[in-house]
Number of protein chains: 2
Amino acid sequence: MTDTPSRGPGSSRRPKKTDMMSEEERNAYHAQKMAKKKAAREKILATKTEERGLLIVHTGKGKGKSTAAFGMVFRAIGHGFKVGIVQFVKGKWGTGERDVLERFSDQVTIKAMGEGFTWDTQDRARDIAAARAAWQEARRMIADESYRMVLLDELNICLRYDYLDLDEVVQTLKTKPRDTHVIVTGRNAREELIEIADLVTEMTQVKHPFRAGVKAQPGIEF
Amino acid sequence: MTDTPSRGPGSSRRPKKTDMMSEEERNAYHAQKMAKKKAAREKILATKTEERGLLIVHTGKGKGKSTAAFGMVFRAIGHGFKVGIVQFVKGKWGTGERDVLERFSDQVTIKAMGEGFTWDTQDRARDIAAARAAWQEARRMIADESYRMVLLDELNICLRYDYLDLDEVVQTLKTKPRDTHVIVTGRNAREELIEIADLVTEMTQVKHPFRAGVKAQPGIEF
């Protein structure tokens, strides 16, 4: 960000019209502005009446794609939902994640079908076989309506490398049971998937500790 | 995305040089490419030797900022860490989150100090008092080295509305105990915070179900 003379030293904030107001004026201005915001919000919410399972995609190069999905799994656990997880890349989830999920084994089923990152195996035929086995598992979970949430972690990487048939995956997700939430993670989400999704978030990396020589560590990376 | 004639119908993927290869050639090409990728990755990892607590910021207008932080909290729980959470906006976390966190009350301390979204209260003086009380709680948690992770949920909104002194917040975060991870969430993160952070992710909204008339629902929004 470039500095402009109108900004005070040590502050990145643009001058606002409230800067010149007294505390009293500022409070009144704030109350008025927030009342407007509240009314606008309520008007929007009133039009949202449908409740159904969503197809959610977390993509982008930044961190937080799987972690946010992991957070949603715990929210679902809190609601008493049954959750299915298929990990398309084995070994990506760390001991922290596995240990805490195992405490909810009555609600959560995890299938780790992959064979490690594809740059570890360097064996395309084996990767394809593993991806297809994982996909069969995913299809079974999606078809089973007792699962209210199914997380397909790193499915995007399998679609990117053409390990799975894109049309078949799209067709399965499009025809999922009405109340089931399906979350797909991984960078480079295919356009066809984004098109049929209800909620798509892109995680963008602004700053990463690797640049400063800090290594991956428990609680953060795994 | 505009369509180009070189793309087949129903496919968003650009043609790759592997498209013309036989399965065998493609497998060999893949193995070679992945071996290179692995070597590059290992070279980078070898330079990353430092282990320390990070200052992490989740910002942007998209979803997943708090949810990814919530996921990190569960990862930390899995590692047996003690975690402190200060919610600067009360009522934002739903029953799903609270219910599942309460099952780990031996490891997790939650302080919900805010008074609802600022557009609900419309009372700036009360918001400021609540924000300052929450910040005192946050300072205590950060100073207590038994906490390995401290989540300051929606702190950014308080900084944006000048409810807290930015310099004081920056100073406290800059001088946090070495091993403590601090996570700050909320849109519109201030530049000064991004500057001192180790890891900054921006969540960008690509597609949101509100647009399609779908309302907030358990497991997804709360």
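## Helix packing in chain B

H5(B) and H7(B) are roughly parallel to each other, a label given to angles under 35 degrees, whereas those over 145 count as roughly antiparallel, those from 65 to 115 as roughly perpendicular and the rest as oblique. In this predicted model, helix H5 (residues 124–143) and helix H7 (residues 166–174) of chain B pack at an angle of about 15°, with their axes 11 Å apart; axes are lines fitted to C-alpha atoms, for helices over the stretch in contact, and angles run from 0 to 180 degrees between N-to-C directions. Helices (H or I, at least four residues) and strands (E, at least two) are DSSP runs, numbered from the N terminus.

The contact (heavy atoms within 4.5 Å) is made by B:Trp135, B:Arg139 and B:Ile142 of H5(B) and by B:Glu168, B:Val169, B:Thr172 and B:Leu173 of H7(B).

## Basis of the values

Residues are numbered from 1 along each chain as its sequence is written, while chains are lettered from A and ligands numbered from 1 in the order in which they are written. Because the model is predicted, local features need pLDDT of at least 70 and side-chain atom pairs count only at pLDDT 80 or more, whereas totals for chains, interfaces and linings use all residues; side-chain values use heavy atoms, with hydrogens and water left out.

In chain A, the axes of H5(A) and H7(A) come within 11 Å and cross at roughly 15°, which makes H5(A) roughly parallel to H7(A). H5(A) passes H7(A) in a left-handed crossing, and A:Trp135, A:Gln136, A:Arg139 and A:Ile142 in H5(A) meet A:Glu168, A:Val169, A:Thr172 and A:Leu173 in H7(A).

Within H7(A), the residues A:Leu166, A:Val169, A:Val170, A:Thr172 and A:Leu173 are buried, where buried means under 20% relative accessible area, exposed over 50% and partly exposed in between (1.4 Å probe, protein chains only). They cover an arc of only 165° around the axis, and so lie on the same side of H7(A); the arc is that of the directions from the helix axis to the C-beta atoms. A:Asp167 and A:Lys174, on the other side of H7(A), are exposed. The cover over the buried residues of H7(A) includes strand S1 (55–59), H5, strand S4 (149–153), H6, S5 and H8 of chain A.

## Salt bridges

A salt bridge is a side-chain nitrogen of Lys or Arg within 4 Å of a carboxyl oxygen of Asp or Glu, and the count over all chains comes to 16. One of them joins A:Glu137 to A:Arg140, with the closest N and O atoms 3.0 Å apart; both residues lie in helix H5 of chain A, three residues apart, about one turn of the helix. A:Glu137 is buried at a relative accessible area of 13%, whereas A:Arg140 is exposed at 52%.

A:Arg190 forms a salt bridge with A:Asp162, their closest N and O atoms being 3.5 Å apart. A:Arg190 lies in the loop between strand S5 (181–185) and helix H8 (191–196) and A:Asp162 in the loop between helix H6 (155–160) and helix H7 (166–174), so the pair ties together parts of chain A that are 28 residues apart in sequence. A:Arg190 counts as buried at 8% relative accessibility, while A:Asp162 counts as partly exposed at 21%. Finally, A:Arg26, B:Asp162 and B:Arg190 are linked in a network of salt bridges.

Methods:
Left-handed = near helix turned anticlockwise from the far one by under 90°.
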